[in-house]
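Biologist: Please walk me through this one, beginning with the sheet.

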Amino acid sequence: MLYFAHTGNALDKSDWQLLPDHLRTVAELAAQMAAPLGLEKAAFLAGLFHDLGKYAPAFQRRLEGAEIRVDHSTAGARLLLGELVSGRDKGIADLIAYCIAGHHAGLPDRHSSLPSCLNLRLKKDTEPLDEAWRMDLRVETTDLVPSFVSGISTDRETAAFQYSMMTRAIFSCLVDADYKDTEAFYARLDERQPDRRWPTLQDLLPRLLTAFDTHMAGKANSDTELNRLRGRILSHVRGKATDRPGLFTLTVPTGGGKTLASLGFALDHAKAHGHTRIIYAIPFTSIIDQTAAIFRDILGNENVLEHHWAIEDDKLDREEDWKSRDKLRLAMEDWAAPVVVTTNVQFFESLFAARTSRARKVHNIFNSVIILDEAQIIPRHLLLPCLRALDELALNYRCTIILCTATQPALDQRRLPGGLPLEGRELAPDPQRLSDTLRRTRIIQTGPMSNDDLVAALREEEQTLVIVNSRKHTLELYHQARSAGLAGLVHLTTRQYAADRQRILGDVRERLNAGKPCRVIATSLIEAGVDVDFPKAWRAEAGLDQIIQAAGRVNREGRRPVDDSVVTVFSAPDYPPPSEIRGLIGDMERMRRKGHDLQSLGAIDDYFGEVYWRAGRQGLDRKGILADFKFSGEGTDFSFRTVAEKFRMIESEMVPVIVLGDEVAREAVEKLQVEGIASGGIARKLQTYVVQVPPKARDLLIRNGHVAFVRPDLRGDQFAVLQTESLYDREVGLLWEDAQYLATENSIV
């Protein structure tokens with residue numbers, strides 16, 4: 001009897017995919033992906049056994065159209081653990097079992113009350129297999145242990161995490177190989193060829209380095225003292241590119257050119273050590289477009305993948321439309337591009353994911369140069385799991401990681417239990433001297449300031465910036481300043497969709513350069529590396545790192561005297577800060593009482609030490625992620641699914657609303673009506689037109705007819721689109737608070 005993996009078009013099954021062919025191809029692809037890690041034998045075995053359950057006659061009847069459910073993902077795992085692997089290799093077989101069992105539904109927990117957990121599935125009766133599989137498949141189940149196991153920690157908690165990362169590596173290779181072989185089979189049936197071709201970073205490097213050097217030579221022609229200093233920083237950083245791979249810090253103040261310095265180092269370092277990819281991770285979507293544009297301008301649009309989703313890709317993953325996935329969408333699935341610009345959310349949540357959609361790209365993170373911009377933004381409640389993952393990537397997965405920031409957090413293991421081995425790994429030349437040389441502002445602290453006080457301050461300065469801690473405060477201050485007749489007012493918050501914010505920031509830069517009135521009232525989103533240069537700023541009380549970041553938007557180019565470039569820190573008693581910021585304000589106040597120069601590296605280091613000490617281990621792993629990976633009497637006890645649910649970089653219950661801001665957005669939404677167009681490509685076009693709102697607010701908007709899901713029969717609840725255009729004000733963004741009022745007004749005849 002012939003056994004099949006996938007159906008074709010022919011009634012006689014002549015174009016159906018034979019099961020042994022699929023299993024062998026997936027095994028070979030997975031092994032090829034895992035070979036650089038020394039995990040090729042484990043990945044091969046995972047690929048060979050992942051669909052072993054399809055050797056059940058019942059599953060073949062299902063392929064023929066029988067409406068029956070057959071678990072085909074457990075049989076291979078049970079056979080490996082039950083009879084095929086023994087001795088030292090059984091520990092690796094245990095990891096492979098998670099991967100096989102989860103290759104469709106996602107990595108499971110070992111134990112839980114759910115029937116999907118690995119232990120219950122291994123004990124459950126499944127359809128008997130035809131012994132033909134033993135004749136069809138060449139099975140080698142020895143020497144599965146990779147060489148780097150000899151370096152696994154003797155600490156049981158650390159070792160458990162390391163083995164969990166090994167499981168993720170095997171799983172990523174398996175699911176990516178499975179997906180690609182299945183895609184290739186259906187592509188052949190349809191006589192098409194998916195465009196997954198990307199040149200390798202190593203092949204591109206000569207051209208990319210030439211392009212980078214040409215770009216930097218052009219900048220050198222602008223002969224100012226600041227540019228000369230940036231050139232010296234760049235030269236020093238690039239001079240360290242031959243240092244051994246691993247963990248680095250790059251501590252350069254705002255305006256010192258750390259983005260380009262880190263890129264130059266990454267290119268040189270990849271050339272010296274053979275890395276296959278450069279990944280640049282950014283904490284905020286508000287600046288990812290800015291950074292990606294810089295990289296594309298230097299390296300070429302065709303070599304840079306920009307990946308961030310405002311619409312959850314977990315929902316988009318449900319579609320099975322193989323035909324309409326374009327090259328960029330395909331690259332987002334596996335990060336195959338030589339240079340990837342992404343968000344911290346995508347990067348870290350992929351490393352802790354259980355779902356196949358996010359886990360697929362993990363093996364392409366390995367052997368990469370990873371630049372973490374604004375490293376201090378790693379959420380404190382997940383700090384220890386994130387550090388453990390970074391340490392493991394550097395230790396056993398051939399990654400180089402650069403923690404890049406002006407306010408380097410105290411992450412060294414000498415200061416922070418569970419921290420990173422960072423001693424002697426600074427790339428910048430004399431960070432303290434750079435901090436002193438590049439100081440552009442003077443920070444002063446004042447007392448409480450009401451909105452009346454802030455409007456008076458704005459009236460005195462034609463070009464200035466006010467940063468507060470909430471969208472509510474921003475909007476009310478903006479309305480009061482507008483009522484006072486102030487010219488050049490700009491409101492900037494996440495009420496506006498990203499494409500609109502980019503337009504607004506472009507206008508702000510033009511106004512600043514032309515000397516026109518420009519009074520910006522914003523939330524903290526403007527602090528995260530946004531390239532603007534104000535003469536002065538006011539900042540509502542916050543943590544020291546945020547105050548320093550705010551100062552980076554003042555006198556950025558050093559054209560004004562430092563004493564005149566003042567950042568005034570004030571309290572806002574009418575708008576109490578959230579509890580998290582309130583604690584950071586206390587930490588900063590303790591630095592001030594100690595007599596620290598708040599802009600010194602010593603103050604920043606002491607501040608982060610205080611923040612982490614106050615949080616304690618429990619606060620730095622608030623969800624107990626590390627404890628979810630442990631050993632038990634029967635081997636591993638890993639809770640992959642539980643961890644994936646708990647690991648959220650942004651703890652927000654906000655939900656998206658799409659605003660039809662221009663023709664690009666309108667055309668994309670119109671395509672939602674077309675059944676043959678996949679949701680993923682449309683979502684990519686719409687990601688910069690999304691405003692995140694509270695769930696109750698969106699529900700109210702929907703009930704009152706202001707927002708509606710487009711084609712819910714086809715797209716489900718993926719695309720909530722604003723119907724009442726008047727609720728979006730180009731000056732301030734989406735005013736969801738007006739939903740009830742407008743509904744009443746519209747009902748009056």
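Biologist: In what order do the six strands of the open sheet come?
Modeller: The order is β3-β8-β7-β4-β6-β5, with parallel pairing. Helices (H or I, at least four residues) and strands (E, at least two) are DSSP runs numbered from the N terminus, and two strands pair if DSSP finds at least two bridges between them.

Biologist: Which strands stand at the edges?
Modeller: β3 (247-251) and β5 (304-307) do; each has a single partner strand, so one side of each lacks a neighbour in the sheet. From one strand to the next the twist averages 15°.

Biologist: What packs on the sheet?
Modeller: Helix α11 (residues 258-273) does, touching β3, β4, β7 (368-373) and β8 (400-405). Its direction makes about 170° with that of β7. Contact means heavy atoms within 4.5 Å; axes are lines fitted to C-alpha atoms, for helices over the stretch in contact, with angles from 0 to 180 degrees between N-to-C directions.

Biologist: How many bridges join β4 and β6?
Modeller: Five, in the parallel sense, between β4 (residues 277-282) and β6 (residues 339-343). Ala-281 has Thr-342 of β6 as its bridge partner.

Biologist: Quick aside: what are the ground rules here?
Modeller: It is a predicted model, so local features need pLDDT of at least 70 and side-chain atom pairs 80 or more, while totals for chains, interfaces and linings use all residues. Residues are numbered from 1 along each chain as its sequence is written, and side-chain values use heavy atoms, leaving out hydrogens and water.

Biologist: OK, on to α8. How far apart are its end C-alpha atoms?
Modeller: They are 50 Å apart, which agrees with the 50 Å that its 34 residues (156-189) should span at 1.5 Å a residue. The expected span is 1.5 Å times one less than the number of residues.

Biologist: Is α8 enclosed or open, and how many of its residues are buried?
Modeller: 26 of the 34 are buried, so α8 is largely enclosed by the rest of the structure. Buried is under 20% relative accessible area, exposed over 50%, partly exposed in between (1.4 Å probe, protein chains only). Glu-191 follows α8 and has a positive phi, near 55°.

Biologist: And α5, what do its buried residues pack against?
Modeller: They pack against α2 (40-49), α4 (75-84), α6 (118-123), α8, β16 (635-638) and α26 (640-646). In α5 (residues 90-101), 10 of 12 residues are buried, among them Tyr-98 and Cys-99.

Biologist: At what angle do α27 and α28 pack?
Modeller: About 160°, with the axes of α27 (residues 663-671) and α28 (residues 679-686) 9 Å apart. That makes them roughly antiparallel: under 35 degrees counts as roughly parallel, over 145 as roughly antiparallel, 65 to 115 as roughly perpendicular, the rest as oblique. Ala-665, Ala-668, Val-669 and Lys-671 of α27 meet Ile-682, Lys-685 and Leu-686 of α28.
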